[in-house]
Amino acid sequence: MGRYDLALIGFGGVNRALAELISQSGDRLAGELGFALRVVAITDLRAGSLVDTDGIDLTPLLAAEPGELSFAGLAGGSADPRNEWVIREVPADIVVEATFTNPSDGEPALSHVRWALESGKHVCTTNKGPVALAGRALKRLAAERGVSFEFEGSVLSGTPILRTAERMFGGLEITGVQSIMNGTSNYILGRLEVGIELSAAIAEAQELGYAEADPTADIEGHDVQLKVMILANEVLGADLRREDVFREGISAITPHEVRDAASKGLRWKLVGSATRHEDGSVDARVAPLALPADHPLAGISGPVNAVAFHTDLLGTVTVCGPGAGRVETAYALLSDIIAIHQRHADDETAPVRRVLQETHRV
Ligand SMILES: NC(=O)c1ccc[n+]([C@@H]2O[C@H](COP(=O)([O-])OP(=O)(O)OC[C@H]3O[C@@H](n4cnc5c(N)ncnc54)[C@H](O)[C@@H]3O)[C@@H](O)[C@H]2O)c1
Ligand SMILES: N[C@@H](CCO)C(=O)O
């Protein structure tokens, strides 16, 4: 059986959940998917770096409390993350980038992705920064190097919204999108509706693993701004920059306003939208809206997200599903790895073929 060797960059909620999935369900997945997964390197700002090209034993790492994990002192371990060295030099097939999203310039994740692609490694990431701010250039670089750059989890977590649009909407003209794309703010608005204070609702979203490292990004709409850019660029053929997308978050909405709206049958939602005009230009914005009960997005609650696609032949098609969560987002990474396998399994140099050939020689 073939195998992909992974380098995990960032070992927080999402990449730990992927490691758990591999550790607990790797055999079942290998039987189903036809390839095995092995982690050969991990780097993290707090834990350091760990490399074992024969495969890292994940069990003791996953047993440790996340805040207490340190790779220093382990064989192949160091207190220093050594990101560039690990990404460029360790012989991994796929680099899995899940450090924090930086909405300003995408760093350091943008460099991580670039280093990996330059080194001829496939990349999958849940990090919105590199995709929104440099997606075109990174896709070009990936194509030049003959590798894949996959980022399904950057929008709607594990819900396959980008692949659904890319693969299932052939022949349709998509004229615009309206969406709820931030699980944290949607969860918080629901909690305000039932009388929970804003600070307590934010703490709950953090505990549940939905919030960004700095939850301001969720509350003030930066996160949705990046996601609208990704969706508009991928689905509407736009080339938006951050300054092109108007942004307003939910911080000015009071609990009283939320409850008052609910008593009138309205629900406040943080809505990201993009519209393509006849001349091909695309407008995009993020702003809170009080939606009437019959709006397709009004009933979307908690960390669930949804995108309503406006199309010429089908009218509005709404796709909804988890928009945040560690396990849900780890699934997005698995779906990216499957996509890489489907695209490259027949390449002469693909890991799966290589391992099969090596096994055959042995
Ligand atoms: N959690 C979700 O629901 C979710 C959903 C979709 C997308 N995402 C995105 O996925 C990424 C990871 O999310 P998470 O919930 O795991 O975040 P997290 O904050 O739990 O983990 C991020 C990890 O990256 C590490 N890190 C930060 N800077 C680093 C650096 N320079 N080098 C190495 N490691 C570094 C941190 O120490 C931390 O352990 C983020 O970009 C987030 O926006 C998260
Ligand atoms: N913080 C983000 C994670 C998913 O990108 C959210 O709440 O939607």
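View 1. The C-alpha centres of domain 1 and domain 2 lie 28 Å apart, the domain bounds being taken from an automatic or database domain assignment. Domain 1 consists of residues 2-157 + 326-361, and domain 2 of residues 161-322. This is a predicted model, in which local features need pLDDT of at least 70 and side-chain atom pairs count only at pLDDT 80 or more, while totals for chains, interfaces and linings use all residues. Residues are numbered from 1 along each chain as its sequence is written, and chains are lettered from A and ligands numbered from 1 in the order in which they are written. Across the boundary, 17 residues of domain 1 are in contact with 21 residues of domain 2, where contact between two residues requires that their C-beta atoms, placed from the backbone, lie within 7 Å. On the side of domain 1 that touches domain 2, helix 5 and helix 12 are the elements that give two or more residues, and helix 5 gives the most, with 6 residues. Helices (H or I, at least four residues) and strands (E, at least two) are DSSP runs, numbered from the N terminus. The residues on this side of domain 1 divide into 6 nonpolar, 6 polar and 5 charged; Ala, Val, Leu, Ile, Met, Phe, Trp, Tyr, Cys and Pro count as nonpolar, Asp, Glu, Lys and Arg as charged, and the others, Gly among them, as polar.

**View 2. The surroundings of ligand 1.** Ligand 1 is surrounded by 30 residues, of which the closest are Gly10, Gly12, Val14, Leu45 and Ala324; a residue is near a molecule or strand if its C-beta atom, placed from the backbone, lies within 6 Å of it. Helix 1 (13-33), strand 2 (35-44) and helix 12 (326-344) each supply at least two residues of this shell, and each of domain 1 and domain 2 contributes at least three. By type, the shell around ligand 1 holds 11 nonpolar, 14 polar and 5 charged residues.

View 3. The residues around ligand 2 are Ser157, Asn182, Gly183, Thr184, Tyr210, Ala211, Glu212, Asp218, Asp223, Gly323 and Ala324. They divide into 3 nonpolar, 5 polar and 3 charged.

View 4. An open sheet is formed by 7 strands in the order 4-3-2-1-5-6-7, with mixed pairing, two strands being paired if DSSP finds at least two bridges between them. Strand 4 (77-78) and strand 7 (149-150) are the edge strands, and each pairs on one side only. Strand 3 (residues 48-51) and strand 4 run antiparallel and are joined by 2 bridges, and Leu50 stands opposite Gly77 in strand 4. Helix 1 lies across strand 1 (2-9), strand 2 and strand 5 (94-97), and runs at about 165 degrees to strand 2; axes are lines fitted to C-alpha atoms, for helices over the stretch in contact, and angles run from 0 to 180 degrees between N-to-C directions.

**View 5. Helix 4 beside helix 5.** Helix 4 (residues 109-118) and helix 5 (residues 128-145) pack at an angle of about 5 degrees, with their axes 10 Å apart. The two helices are therefore roughly parallel to each other, a description used for angles under 35 degrees. Helix 4 makes the contact through Ala109, Leu110, Val113, Arg114 and Leu117, and helix 5 through residues including Gly129, Pro130, Leu133 and Arg145. The residues of this contact divide into 10 nonpolar, 1 polar and 2 charged.

**View 6. Two backbone details in loops.** The peptide bond from Glu107 to Pro108 is cis, with omega near 5 degrees, and Pro108 is found in the loop between strand 5 and helix 4. Arg82, in the loop between strand 4 and helix 3 (83-89), has phi near 45 degrees, a positive value in a residue other than glycine.

View 7. Strand 9 runs parallel to strand 11 (residues 282-292), to which 3 bridges join it, and Val245 stands opposite Ala284 in strand 11.

Terms used:
Angles under 35 degrees count as roughly parallel, over 145 as roughly antiparallel, 65 to 115 as roughly perpendicular and the rest as oblique.
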